[in-house]
Amino acid sequence: MSEGQIPLFRELEIPPKFVEYREGQEDAVQRITTLLQHKPVVLAELPTGSGKTLIGVLVHKLLDERMTYTCTTKSLQDQFLRDFPSAVLLKGRGNYPCSKFLRQFPQITAEHCPSPKGGEDCTTSCAYLIAKRRALAADISVVNTAYFLSEANYIGELSGTPFLVLDEIDTL
């Protein structure tokens, strides 16, 4: 851990690149954490560069709840993973090869799989299902907002996330 990192960051196992609060972050963390004790939803509108992602992770750690972080672009997902490497990324089905057809037709993805919920031969070898199980069990998972909405509304497996951060919510 970084010598200059504040004790709370070390205690909550925040990556060492974060050494101190930016202006307004500590107050935001305290206010959001307090509000969530009485309200199921809190919207925090903060300017670009204010450190909203770190605020979300700190609140998640203080609440000790599983967290799903959603964002609208792959570059934001990559940025989150660079900042918090222990998070687990889950992409949409089209990003994973279908294990049934990998040898003959490598261009077929899990999105086109004839057994989207996994047949007997899929449950242990499907890259998408493996990634999804890892994300559902992870302390912090990162997903695309459109994927999250589809999963939460139709499949239902992400709808029970105890702590959800919707980054770029204004794009919804």
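Strand β2 (residues 88-90) runs parallel to β3, and three bridges join the two. Strands here are DSSP E runs of at least two residues, helices are H or I runs of at least four, and both are numbered from the N terminus. Two strands count as paired if DSSP finds at least two bridges between them. Within β3, V142 is the bridge partner of L89.

The model is predicted: local features need pLDDT of at least 70, side-chain atom pairs count only at pLDDT 80 or more, and totals for chains, interfaces and linings use all residues. Residues are numbered from 1 along each chain as its sequence is written, and side-chain values use heavy atoms, with hydrogens and water left out.

**Strand pairing**

β1 also pairs with β3. The table lists the pairings of β1.

| Pair | Sense | Bridges |
|---|---|---|
| β1 and β3 | parallel | five bridges |
| β1 and β4 | parallel | four bridges |

M67 stands opposite I140 in β3 and opposite F163 in β4. C71 has N144 as its bridge partner in β3.

In β1, five of its five residues are buried, meaning under 20% relative accessible area with a 1.4 Å probe and protein chains only. M67, Y69 and C71 point one way from β1, while T68 and T70 point the other way. In β3, four of its five residues are buried.

**Nonpolar cores**

A nonpolar core is a set of buried Ala, Val, Leu, Ile, Met, Phe, Trp, Tyr and Cys residues joined through side-chain atoms within 4.5 Å. The largest one has 25 residues. I14, L58, M67 and F80 have the most contacts inside it. At least two residues each come from α2 (25-36), α3 (52-63), β1 (67-71), α4 (74-83), β3 (140-144) and β4 (163-166). α3 gives the most, with five residues. A second, separate core has 18 residues, including L90, C126, V143 and A152.

**Helix α2**

The twelve residues of α2 should span 16 Å at 1.5 Å a residue, and its end C-alpha atoms are 16 Å apart, which agrees. The expected span is 1.5 Å times one less than the number of residues.

Which residues of α2 are buried? They are Q25, A28, V29, I32 and T33. These cover an arc of only 125° around the axis, which puts them on the same side of α2. The arc is that of the directions from the helix axis to the C-beta atoms. What covers these buried residues includes α3, where contact means heavy atoms within 4.5 Å.

Notes. Buried < 20%, exposed > 50% of the residue type's maximum accessible area, 1.4 Å probe, protein only.
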